[in-house]
Amino acid sequence: MLKSAILGAAAAIMPFTAFAAETLTLETTSVGSSPHYIDTTFASILQNAGVADLQVTEGATLTNSVQAVAEGRLDIAPAPLILPFLMSKGIGPYSGLGPEKGAELASNVRAIFFMAPSVQIFAYYNSNPIDDITKLDGKRIWNGPPRGAALTSGRATVQLLAGLKEGEGYEGVQTPWPDAIPTITSGKVDAWTSPDGLPSARQIRIAAAGGITIHDIPSEIYNSELGQQIANAPGHAPVSIPIDVYRKAYEGNDVTVVVDDDTFDSYATAFAEIVPASMDEELVFNIVTAFLEGQERMETSAPIGPHLNMTFADIDGKTQGVCGAVQIKMHPGAIRAFEAKGHTIADCLRP
């Protein structure tokens, strides 16, 4: 069930700065996820800067949120970049729109900043270990919510590791995000794969019910032709994290991390924070300016902060997972804000 929270009410306990001139709506993922942390911190930054009060709805399905932004029914949402791509083609979860309508809606979406907050992992309970993650025949694997970007990535991970498609060798289990943890901790699945930040509050909560082991993608598989295709597919970005950094993030929790070299190799889910193309340019300029000035708060308010790969620098397009198969434009107000802070923007991102 979706849970709504009006963060503007927090003004009673926060230092007063200025009256927020705008009230905007934002939908984000469930508590404990990286986008949730980004969006709730973002909301606090905007409120304290006196730019806007965000009415935040938690536990949303981002497939629906992206369409709501495109249709002008929602002001802001975090968008896995695979979703605007699929919408522009009228395929996948947007097949009901068709190519023409999908392309029209996708053209109404504008990015205001980019991030790669979640890295794909594969995990299981130590009490029910998987001896070889490349042999998953007959397993029940939680691989995402019922539809959307996370499910696409989860299915790709199992196919990459074990060469299996859902329903053809293993049973995929899907639930809405708020039900993911109880489904996994109940013992109803043998393993799970999901996009998670570092450290992941979701994985820490799962480990509280018993020790878990998290795997990266083995180097031979990761560096294979298929591995690189998936790591660089629309909506993804390749990631290699020093293993000492990855393990240190989980210190004090019953989490074992397994790699075959000195890095945790996987792929990130590339995101953009999006708004309707019609949003007022001056408002977007003020929003993004506040975001850029809130870098320290974004990166230090929680252990996950330093590992979110937020965009506080030049935007070249390729690094953010756009300007290739994924085509998305930045809002003019956002471009102005980045340039005012001395950052460059790739031409392919300009409307």
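How many residues does helix α5 have, and how far does α5 reach from its first C-alpha to its last? Before I answer, please keep in mind that this is a predicted model, in which local features need pLDDT of at least 70 and side-chain atom pairs count only at pLDDT 80 or more, while totals for chains, interfaces and linings use all residues. Residues are numbered from 1 along each chain as its sequence is written, and side-chain values use heavy atoms, with hydrogens and water left out.

Now to the helix. Helix α5, residues 149-162, has 14 residues and reaches 20 Å, close to the 20 Å expected at 1.5 Å a residue; that expected span is 1.5 Å times one less than the number of residues. Helices here are DSSP runs of H or I with at least four residues, strands are runs of E with at least two, and both are numbered from the N terminus. Eleven of the 14 residues of α5 are buried, so the helix is largely enclosed by the rest of the structure. Buried means under 20% relative accessible area, with exposed over 50% and partly exposed in between, using a 1.4 Å probe and protein chains only. Among these buried residues are Ala149, Leu151, Val158 and Ala162. After α5 comes Gly163, with a positive phi near 70 degrees.

Let me turn to strand β5, residues 109-125, where 17 of 17 residues are buried. Two strands pair if DSSP finds at least two bridges between them. With β13, residues 263-276, β5 pairs in the antiparallel sense over eight bridges, and Met115 has Phe271 as its bridge partner there. Five bridges join β5 to β9, residues 191-196, again antiparallel, whereas the two bridges to β14, residues 329-330, join strands that run parallel. Phe122 has Thr193 as its bridge partner in β9, and Phe122 also stands opposite His215 in β10.

Finally, the pocket. On a 1 Å grid over the protein atoms alone, a pocket is an open set of points where a 1.4 Å probe fits, with protein on both sides within 12 Å along at least five of seven lines, and lining residues have an atom within 4 Å of a point. The largest pocket has a volume of about 520 Å³, and of the 28 residues that line this pocket, the closest to its centre are Ala237, Lys318, Thr319, Gln320 and Gly321. The elements giving two or more residues to this lining are β5, β11 (236-242) and β13, and the largest share, four residues, comes from β11.

Note on methods: Grid points are joined across faces, edges and corners, and a volume is the space filled by probe spheres set on the points.
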